[in-house]
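Student: Please take me closely through one part of this structure. I am new to it and would value a single connected account.

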Amino acid sequence: MLALLSNKFVIALLVLAHVTNALHFYVKTGETKCFFEELQEDTLVVGRIDAYEKNDHSNDYLKNKNLQVQITIDETFDNDHRVIDQKSSPDGEFTFTSLESGEHKFCLTPVYNDNTRNKVHRIFFDVAQGSSHDYVDSKSTRSVENLTKRVNYLYDQLNKIHWEQEQMREREAAFRDQSESTNSRVIKWSIVQLVVLVGTCVYQLRHLKSFFVKQKIV
């Protein structure tokens, strides 16, 4: 049964390869992040979740087997009729087919099966779209072996996107640290200049006072 589901997902992902959206965001435990997508009727949607937990000591983002992601999909054009409501593992997947054309709301909420709270999470969310009719045709015209090779290539591309996003995050952190260090040095140098200026003024005033006293001006 698992092998059959895996093969179906492989085929579906390959059919959807030409329309793929990838993003990542940060959210706390129990908070919900929503995205809106306009879908046509009979659109097959395949989603992939990759969720991490922030380590409070090292500030690294790590996997946690107790972490789950609550996924809901609502039809906003039909009084928020819910079409998907499920929990996914940190690296889970989901699929559904839109029955009508209109705006759909995708919402993700990180939760724990052991009631852990107050954690920060980084979640990668990839969504691919395609025609459900193409999916039906693909099952009879393509071999699973060839499709598996192609889906592995797609996963590699998604991993590259994740790596590039991680590099951007690290560069942003390095730039922020450098900016903070520069601002700190500027403030320290300004304080030193102020101290020198005040000291110079005090010295000049004392020197002038001594000069006036010697000249019996004061």
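Tutor: V45 stands opposite F96 in β7. The model is predicted: local features need pLDDT of at least 70 and side-chain atom pairs pLDDT 80 or more, while totals for chains, interfaces and linings use all residues. Residues are numbered from 1 along each chain as its sequence is written, and side-chain values use heavy atoms, without hydrogens or water.

A strand here is a DSSP run of E with at least two residues, numbered from the N terminus. Strands β3 (residues 43–54) and β7 run antiparallel and are joined by five bridges; pairing requires at least two DSSP bridges. Buried means under 20% relative accessible area, exposed over 50%, and partly exposed in between, with a 1.4 Å probe and protein chains only.

Elsewhere, E75 belongs to strand β5 (residues 67–75). E75 is buried yet has no salt bridge, and the nearest side chain of opposite charge, R82, is 11 Å away. Lys and Arg count as positive, Asp and Glu as negative, with His and the chain ends not counted; a salt bridge places a Lys or Arg side-chain nitrogen within 4 Å of an Asp or Glu carboxyl oxygen. Beyond neighbours within four places in sequence, E75 contacts D80, H81, V83, E103 and H104, contact being heavy atoms within 4.5 Å.

The loop between β5 and β6 (81–88) holds N79. Although not a glycine, N79 has a positive phi of about 55°. N79 is exposed, with a relative accessible area of 76%.

Key
Helix = DSSP H or I, 4+ residues; strand = E, 2+ residues; numbered from the N terminus.
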